[in-house]
Amino acid sequence: MKPVPGILDIAPYIGGRAEAEGAARTFKLSSNESPLGPSPKAIEAFKAAAGQMHMYPEGSALLLRKAIGETFDLNPDRIVCGNGSDELLHLLPQIYAGPGDEVLYSEHGFLVYKLAALAASAKPISVPEPNLITDVDALLRRATAKTKICFVANPNNPTGSYNTASDLRRLRAGLPAECLLVVDAAYAEYVNRNDYDAGVELAATTPNTVMTRTFSKIYGLAALRVGWAYGPEPVIDALNRVRGPFNVSSPAQAAAIAAIKDQAYVKHCAAHNATWLPWLAEHITAAGLQVRSSVGNFLLIEFPAEGDKTAAAADKFLMQRGVILRGVGAYGLPNALRISVGTEEGNRAAVAALEEFMK
Ligand SMILES: Cc1ncc(COP(=O)(O)O)c(C=O)c1O
């Protein structure tokens with residue numbers, strides 16, 4: 001049996017490492033998880049759901065969609081929940097693209113877009129990104145009648161850069177009408193900029209834009225796999241037809257509802273990030289390294305390409321001290337490492353190790 005074209009071209013996604021062999025203590029700053037974990041209310045809700053694990057979940061995640069709708073003032077009928085936003089990002093090319101079609105994304109954009117295009121036997125098209133920020137004009141120049149999906153991570157992982165609301169409006173206006181624009185706003189809750197929109201506006205007002213979101217980041221529920229998409233009814237209808245009928249488990253739904261209702265806790269997590277992201281940037285820069293400006297919960301650190309202070313050498317040195325960062329060679333950034341904002345202790349350990357490395 002031969003898989004359909006594209007499948008064997010997929011290099012399986014490798015998540016952030018969790019172990020540092022030999023280190024007495026480890027600080028996992030490799031997957032942009034929330035260092036503060038979920039709201040205690042989400043943990044309680046998860047535990048309370050345990051007694052019902054013999055029952056199938058409510059398949060449409062209705063209560064969760066209502067809770068999301070109330071929080072963001074969105075119509076729950078135009079929301080679909082997924083097994084992580086990953087599931088939805090994978091399903092969109094299956095619905096809208098196939099052999100002979102093209103799927104656009106930015107050169108250093110989130111890796112899943114390429115995998116999702118290949119899984120649908122569509123052609124992934126990486127568009128150059130000279131300044132480590134998604135280049136709307138370059139995307140528009142490359143779009144053709146064959147372009148069925150354009151993915152934009154906003155903010156983008158691993159660069160931390162973002163596109164303004166007006167940039168995205170311009171992108172939408174310039175893309176072919178038959179091309180679905182997917183705005184992946186996994187880190188939206190961390191962004192603190194007046195000219196940013198998570199994609200709500202375009203998803204609400206245009207017939208061909210969908211926004212994806214996740215509970216894996218600020219809500220601290222990465223292990224439970226809950227994401228959602230908001231978009232035009234026909235797109236949500238199509239996603240509902242192809243998703244697994246019970247794609248979000250009951251404990252995950254319960255925990256996500258409690259998490260999104262606890263906005264005081266979300267604010268607490270955003271404030272932690274707003275304190276420690278600039279702290280990390282300042283101290284890593286003072287240690288003699290370059291960091292990219294980031295609006296997410298992570299930073300891209302650039303290392304010299306040659307000599308004894310390379311990204312690979314830093315990674316090895318930090319691992320020995322239990323500080324686990326993320327290599328981003330797979331994103332076309334072999335001379336950089338990505339660090340997630342951690343707990344105070346994790347951040348201080350990372351900076352101390354980087355300072356020692358740079359001495
Ligand atoms: C830009 C971006 N989109 C989507 C995801 C996937 O999130 P989820 O856990 O909801 O599948 C990630 C996770 O790292 C991400 O960085």
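Axes here are lines fitted to C-alpha atoms, for helices over the stretch in contact, and the angles between them run from 0 to 180 degrees between N-to-C directions. In this predicted model, helix H2 (residues 62-72) and helix H9 (residues 250-261) pack at an angle of about 15°, and their axes are 9 Å apart.

**Helix H2 with helix H9**

- Angles under 35 degrees count as roughly parallel, and H2 and H9 are therefore roughly parallel to each other.
- The crossing in which H2 passes H9 is left-handed.
- On the H2 side the contact is made by Leu63, Leu64, Ala67, Ile68 and Thr71, and on the H9 side by Gln253, Ala256, Ile257, Ile260 and Lys261.
- Sorted by class, the residues of this contact of H2 with H9 comprise seven nonpolar, two polar and one charged.

**Helix H10 with helix H12**

- Helix H10 (residues 263-286) and helix H12 (residues 344-358) have axes that come within 10 Å of each other and cross at roughly 10°.
- With that angle, H10 and H12 are therefore roughly parallel to each other.
- From H10, the residues Trp276, Trp279, Leu280, His283 and Ile284 meet Asn347, Val351 and Leu354 of H12.
- The contact of H10 with H12 draws on six nonpolar and two polar residues, with no charged residue taking part.

- Domain 1 gives 31 residues to the contact, while domain 2 gives 26 residues.
- On the side of domain 1 that touches domain 2, the elements that give two or more residues are H10 and strand S10 (298-302).
- H10 supplies the largest share of that side of domain 1, namely seven residues, and H10 also meets H12 through residues that include Trp276 and Trp279.
- By class, the side of domain 1 that touches domain 2 is made up of 18 nonpolar, nine polar and four charged residues.

**Cis peptide bonds in one loop**

- Most residues other than glycine have a negative phi, and most peptide bonds are trans.
- Asn154 and Pro155 are joined by a cis peptide bond, for which omega is about 0°, and Pro155 is found in the loop between strand S5 (147-153) and helix H6 (165-174).
- The peptide bond from Asn157 to Pro158 is likewise cis, with omega near 15°, and Pro158 has its place in the loop between S5 and H6.

- Leu132 is not a glycine, yet has a positive phi of about 55°, and lies in the loop between strand S4 (123-127) and helix H5 (136-142).
- A residue counts as buried if 20 or more other C-beta atoms lie within 10 Å of its own, and Leu132, with 20 other C-beta atoms within 10 Å, is therefore buried.
- Arg225, also a residue other than glycine, has a positive phi near 65° and is found in the loop between strand S7 (209-214) and strand S8 (227-230).
- Arg225 counts as buried because there are 20 C-beta neighbours inside 10 Å.

Note on methods:
Residues are numbered from 1 along each chain as its sequence is written. This is a predicted model: local features need pLDDT of at least 70, side-chain atom pairs count only at pLDDT 80 or more; totals for chains, interfaces and linings use all residues. Helices (H or I, at least four residues) and strands (E, at least two) are DSSP runs, numbered from the N terminus. Angles under 35 degrees count as roughly parallel, over 145 as roughly antiparallel, 65 to 115 as roughly perpendicular and the rest as oblique. Two residues are in contact if their C-beta atoms, placed from the backbone, lie within 7 Å. Ala, Val, Leu, Ile, Met, Phe, Trp, Tyr, Cys and Pro count as nonpolar, Asp, Glu, Lys and Arg as charged, and the others, Gly among them, as polar. A crossing is left-handed if the near helix is turned anticlockwise from the far one by less than a right angle, and right-handed if clockwise. A residue is buried if 20 or more other C-beta atoms lie within 10 Å of its own, exposed if 12 or fewer, and partly exposed in between; C-beta atoms are placed from the backbone.
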